[in-house]
Amino acid sequence: THQRGDGGFGVCPPVLCQAHLVCWLSGTLSGYFSGTTHLVHPGTASAVGVECCSTNYALPFTHQPHVCNSLLHVQVEGDLYVSAMPVDIMKLLTPEGWANLPYFRKLDGLEGVPVINIHIWFDRKLSTVDHLLFSRSPLLSVYADMSTTCKEYHDPDKSMLELVFAPAEHWIGKSDEEIIAATMTELERLFPNEIAADQSKAKIRKFKIVKTPRSVYKATAGREDYRPTQRSPISNFYLSGDYTKQKYLASMEGAIFSGKLTTEAIVEDVNMRKRPETLAAVSKKELATAASA
């Protein structure tokens, strides 16, 4: 399984592909079902039948739940539910009946911080290496020359730097021009022979800035105690995400590993029948309530 940029998971592990509908909650609901099902495409309200070509693999489909517009209002029901939403969104959407449970109250101890991602295309090739690099800059935490490290951006003549501008608390509200100016000043320190802040050396062909007001949680002392396990007290509801309990800090690697731990928990609870309350919730075809937790 892997986590997409929007927080959802792109692949359902084959071991889950039995007669169970698993709904992954991200910005949208992504369900994975083995067998024949129907897809409702948001914005079109058209249904398309899809049949798995093999019982060993699952076909993904997406619904947008509770989207009220002139075309579509869909509510998805499943046997098991997995949230892959960022922690701040999860806190906002936690049902009132669950919010006071100790498991969900722990989330209050985790808070996302602002992060800015910067993409800069230069008119020449810079002296970089094929790796993600930690920076000595106080503003640019990590960076990579994507024209060298990523085949999709490969260019032997021109560099494209992708940088993480963080901590960004005091910069998230500034204009793109101010952020680029500060970035170029820092890059001048990192590439003194090739980059000047005034672009008298390498020149910017184009740039793109992506601001995330609430990104990964702030890793301050004691935060580990607030990270929830993937198995929630709601018997058929699970949490995934880099903020959940796993061996990595908030990161892409942590997000991926949390998905692995979630699928292992589901396999134990359902396939290996180790959690009777989960099996009961699945048999009732309804989301367990806080009272049954």
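Trainee: How many bridges join β8 to strand β9, and do they run parallel or antiparallel?

Mentor: Strands of a sheet pair through backbone hydrogen bonds, either parallel or antiparallel. In this predicted model, β8 and β9 (residues 140-145) run antiparallel, with two bridges between them. Look for leucine 133, which sits opposite tyrosine 143 in β9.

Trainee: What is the strand order in the open sheet?

Mentor: Follow β8-β9-β10-β7-β11, five strands with antiparallel pairing. β8 (133-134) and β11 (204-212) are at the edges with a single partner strand each, so one side of each has no neighbour in the sheet.

Trainee: Now the core. Which residues have the most contacts inside the largest nonpolar core?

Mentor: The general idea: in soluble globular proteins, nonpolar side chains tend to be buried together. Here the largest such core has 24 residues, and Ile118, Phe122, Phe165 and Leu187 have the most contacts inside it. β7 (115-122), β9, β10 (160-165), α5 (176-190) and β11 each supply at least two of its residues, and α5 gives the most, with six. Apart from this core lies another one, of 14 residues, including Met90 and Tyr243.

Trainee: And what does phenylalanine 122 touch?

Mentor: Leaving out residues up to four places away in sequence, its contacts include Leu161, Met184, Leu187 and Ile204.

Trainee: Last one: which residues of helix α7 are buried?

Mentor: In α7 (residues 276-284), Thr278, Leu279, Ala281 and Val282 are buried. They span an arc of only 160° around the axis, which puts them on the same side of the helix. Their cover includes β6 (80-83), β12 (237-239) and α6 (252-271). Pro276, Ser283 and Lys284 are exposed on the other side.

Note on methods. Residues are numbered from 1 along each chain as its sequence is written. This is a predicted model: local features need pLDDT of at least 70, side-chain atom pairs count only at pLDDT 80 or more; totals for chains, interfaces and linings use all residues. Side-chain values use heavy atoms; hydrogens and water are left out. Buried means under 20% relative accessible area, exposed over 50%, partly exposed in between (1.4 Å probe, protein chains only). Helices (H or I, at least four residues) and strands (E, at least two) are DSSP runs, numbered from the N terminus. The arc is that of the directions from the helix axis to the C-beta atoms. Contact means heavy atoms within 4.5 Å. Two strands pair if DSSP finds at least two bridges between them. A nonpolar core is a set of buried Ala, Val, Leu, Ile, Met, Phe, Trp, Tyr and Cys residues joined through side-chain atoms within 4.5 Å.
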